[in-house]
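This briefing covers aromatic rings and the charges placed over them. Please view the model alongside the points below.

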Amino acid sequence: MKEFSLLYPRNVKPDTKTLSDDAVNDLSVEFICEKLSGELFEQNIIKNIMINMERNPEVIRYRRDVFDDIYHFPSLREQIKDLLEQLAYLRELEKSTKDPTASPVWQLINRLQELDIYVNCISGIYKTLSENDIRSEGLLQMKEFVGSIFLESGFEYLQEDIKSMVSEISQVRSLSIGVNLDSKLMPVEVGIVSINDTKFTKPGLLGKFMEYSNKKNGIHSGNSFEGMTKIHTVGKVSGDDPLMSNLSRIITEMLGATVKQLKNKLAKYTNVSGYSLTKMIPEFIFYIRWADYLAQVSEKGLPLCKPEILDNGLREMHTEGIYNFKLAIQAVSGKQIDIVGNEFEFTKEHGIYIMTGPNRGGKTTLTQAVGLVFLMAQCGLYVPADSCSLSPADCIYTHFPADENKTVDLGRLGEESRRLSEIFAKASDESLLLFNESLATTSFAEGLYIAKDVTKALRYLGARTIFNTHMHELAMSAKEVNEQIEGDMKVASLITGIHEGKRSFKIFIAPPEGVSYAQDIAKKYGVTIDQLMKTIKR
């Protein structure tokens, strides 16, 4: 089976950069993956795809269209889920068929099961894709590819051979085992007396023996015989078990002719393998878990849209109704929450935002929201917005407050400066940079001094940026930076919101409101002149 992927078009190689651990943490990627699946191995699959950001618009559009099909056809998702169970079992069987320590009989049986599941999976995938009006290039190519297998004569003969071989091997239904005991009635030898084509039942020799042993004066007094005890084996008979290993060897010897005959039949299918099918398990898991969860988001009445992917180099983004996906997670979990959507864009006139506003006014929420929209869109997913178009970022770099443990050696200012330097060493003009309260942990004068130089460097770099801060003086210097430093992306002031004295969580391109933050903090802690005078009078 040729290589095939639902993440990449044929003959297109990955063009990715991996998010840093800081970016993964700042964008809450692991938290989101935990909401998508309760299985750790699935969380790791989803995370691995998400953090390796693909920048090629062709690949992103390819993924987006595949996701669109899977999202719009719930029945398709359910049918693929059934196939996933078969594919997972197929993967385990492949390990057994390649294990040289397994006995020939068990290798043969596992290979037979592998081919049988392979046939069922091919049939199931083709049937599933044929029953739905799929339109994506990825799923249409898969349908064409799987359908071509049906037209190959070898596949038709394989189905017939499997049916006949299953019939032959299933004739062995039971074994008669003889056990020799020593003088202390301890088992010392075991062997197979016969291989039978029927299962043991109570009537006959075994039934008579058990009836005898249950007599009051018999050797054994206990429960009456009601059936055989089930033995469960996984994949193969372990060579570490002497009894089962010996039984396996004897079965192989006694079924020598049958084994040889079946091996000869299977020999012509040595190149038939379900390995390429099992390689698609991670891709199916990624699309299905995301589609299931976004369906729940939609059921809550929250907007989602299929993003338009622009060409590289434009460095643009245009959205309406954008909101933070983590708020959608809260809504799905049952929390009553009012979500405020915003209009937001990156253009050359407004490409580097210095965002200011009151405490708890939504600066961090919006900063993270923009990062998640880029991340989800470039995975091919729907995004939390009414509408969205963007040119891909080659990577997302974040600079959020550092963990206390990471600042022991360098101090807060030293640690923040080191991380800023690393970001500029890696970022390009097609990157997305998200700074959240950067340089706020040092003195105001020191922080402002460094932040102004950082803003000038951002103008020179030309990468799309959100720099949210309480340093209103930094936002006031936007015009000065644009005049002093050459670059094709301008710095602009963005404010989040207070409307008629209340937090609106709406954003506006406008000059900073100066001391509004200080006034807000003063009111929160009761230290305005009016509040303090009332306190003194009391």
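Predicted model: local features only at pLDDT ≥ 70, side-chain atom pairs only at ≥ 80, totals over all residues.

**Aromatic contacts**

Phe325 is buried, its relative accessible area being 0%. A pair of aromatic rings is described by the distance of the centres and the angle of the planes.

**Pair of Phe286 and Tyr287**

- The ring centres of Phe286 and Tyr287 are 5.6 Å apart and their planes meet at 70°, so this pair is edge-to-face; the cut-off for that class is over 60 degrees.
- Phe286 and Tyr287 are both buried.

**Pair of Trp290 and Phe325**

- Trp290 pairs with Phe325 in a tilted arrangement, with 5.6 Å from centre to centre and 45° between the planes.
- Trp290 belongs to helix H13 (residues 281-299) and Phe325 to helix H14 (residues 325-332), so their pair ties together parts that are 35 residues apart in sequence.
- The relative accessible area of Trp290 is 0%, so this residue is buried.
- For Phe325 the value is likewise 0%, and this residue is buried.

**Ring cluster**

- Phe67, Tyr71 and Tyr382 are joined into a cluster by ring pairs.

**Charges over rings**

- Arg63 sits over the face of Tyr8, 4.9 Å from the ring centre.
- Lys326 sits over the face of Phe31, 5.7 Å from the ring centre.

Key: Residues numbered from 1 in each chain as written. Heavy atoms only, no water. Phe/Tyr/Trp six-rings, centres within 6.5 Å; stacked < 30°, edge-to-face > 60°. Buried < 20%, exposed > 50% of the residue type's maximum accessible area, 1.4 Å probe, protein only. Helix = DSSP H or I, 4+ residues; strand = E, 2+ residues; numbered from the N terminus. Lys NZ or Arg CZ within 6 Å of the ring centre and 35° of its normal.
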